[in-house]
Amino acid sequence: MRNEVTLNDGHRSTRKVLFVAILANLAILIAKLIAAAFTGSSAMLSEAIHSLVDTGNGALLLMGQRLSIKPPDETHPFGYGKELYFWTMIVAFVVFALGGGASIYEGIVHLYHPQALEHLRATYVVLGCSAAFEGYSLAVALREFRKVRGDRSYLKAIRSSKDPASFTVLFEDSTAVLGIVVALVATFFGQRYRLQWFDGAASVVIGCLLMTVAGLLAAKTKALLIGEGADKETLLSIREIAEAVPGVKRLGYPFTMFFGPQQALLTMTVQFHAGFSISEVELTVDRIEASIQAKYPQLKHIFLEVDTVRDVKEESLGGEVVLLEKSSTIHSES
């Protein structure tokens with residue numbers, strides 16, 4: 001029950017962030033499109049493209065999150081957690097190609113063929129509203145991310161996070177706020193000094209920002225897709241927990257792999273003191289598993305290879321290496 005509550009809380013928190021981001025981006029998209037049509041601003045059109053991409057990305061992440069919680073079956077015995085990682089990679093490609101590429105293209109066109117901006121008052125109003133909506137979405141994303149960040153820095157928390165949906169919204173909202181600032185500065189100075197090329201240059205800068213964020217997101221998601229494990233501090237803590245169980249003599253290196261934000265595999269070799277019978281080994285293995293899962297409920301599958309010492313009674317273990325596989329079958333559903 002503890003595992004299920006933990007997963008559902010995290011799932012609801014991420015969904016809340018995604019819904020807020022989608023609604024904010026949708027409202028901003030409509031306003032920016034209207035302003036771009038009236039003013040002819042390239043930077044405003046780039047910002048509209050940015051909001052369109054962010055709205056679609058939020059929908060893709062929601063779909064990936066929903067697919068990722070499907071229960072395990074014969075073809076996917078460890079579940080569908082990596083669905084979220086796959087769709088996050090698609091989001092990174094969309095941000096890079098549609099967001100960054102389209103903005104840079106639009107900016108280059110306006111650099112070669114600059115146009116005077118019109119209805120600038122409407123531009124400032126839309127940018128101000130956009131900043132308010134994006135700022136609120138970013139504040140919600142930051143508040144929810146702080147709940148899992150703990151006392152770690154934001155950079156370290158993002159590096160160790162296994163839930164790409166949470167930090168993807170952070171990336172996109174932060175970039176959106178920066179993009180609005182760039183568009184606002186370009187519009188102001190372009191108007192003040194009558195430099196029409198400022199508008200196209202701002203669009204190129206916004207595109208470069210989007211491509212940078214897409215590259216960072218793709219790099220992190222790639223690590224998750226190919227099988228990223230727990231961080232060194234977690235591995236050390238797992239060893240300390242197992243070593244504290246009476247009867248444990250020596251431990252091998254713990255190997256981990258995440259199949260989703262709240263589902264991971266742990267495998268480790270354990271050697272017990274001489275004289276342990278099979279029943280004692282099984283009880284101790286149960287204690288190790290329970291102790292580890294009490295602190296790390298995301299370790300749903302634990303496989304312990306029990307390596308016994310040579311002077312264990314032959315009638316108990318037959319003088320052979322015994323492989324005990326202990327796998328939790330608790331899976332959360334939304």
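Colleague: Let's start with Thr187: is this residue buried or exposed?

Modeller: Buried means under 20% relative accessible area, exposed over 50%, and partly exposed in between, with a 1.4 Å probe and protein chains only. Thr187 has a relative accessible area of 3%, so Thr187 counts as buried. Bear in mind that this is a predicted model: local features need pLDDT of at least 70, side-chain atom pairs count only at pLDDT 80 or more, and totals for chains, interfaces and linings use all residues. Residues are numbered from 1 along each chain as its sequence is written, and side-chain values use heavy atoms, leaving out hydrogens and water.

Colleague: Where is Thr187 found, and what does its side chain reach?

Modeller: Helices are DSSP runs of H or I, at least four residues, and strands are E runs of at least two, numbered from the N terminus. Thr187 sits in helix 6, residues 164-193. Its side chain reaches the backbone oxygen of Ala183 at 2.7 Å. Across the chain there are 10 helices and five strands, and buried residues make up 48% of its 334 residues.

Colleague: Which side chain makes a polar contact with that of Lys162?

Modeller: A polar contact is an N or O pair within 3.5 Å; within protein, one atom must be able to donate a hydrogen and the other to accept it, and residues adjacent in sequence count only if both atoms are side-chain atoms. For Lys162, the partner is the side chain of Glu228, at 2.8 Å. The backbone oxygen of Gly229 also lies 2.9 Å from a polar atom of the Lys162 side chain. If you take contact as heavy atoms within 4.5 Å and set aside neighbours within four places in sequence, Lys162 touches residues including Tyr85, Leu224, Phe258 and Pro261.

Colleague: Which residues line the largest cavity?

Modeller: Among them are Leu18, Asn25, Asp54, Glu172 and Asp173. Helix 1 (2-39), helix 2 (42-68) and helix 6 each give two or more residues to that lining.

Technical notes. On a 1 Å grid over the protein atoms alone, a cavity is a set of points where a 1.4 Å probe fits but cannot get out, and a pocket is an open set with protein on both sides within 12 Å along at least five of seven lines; lining residues have an atom within 4 Å of a point.
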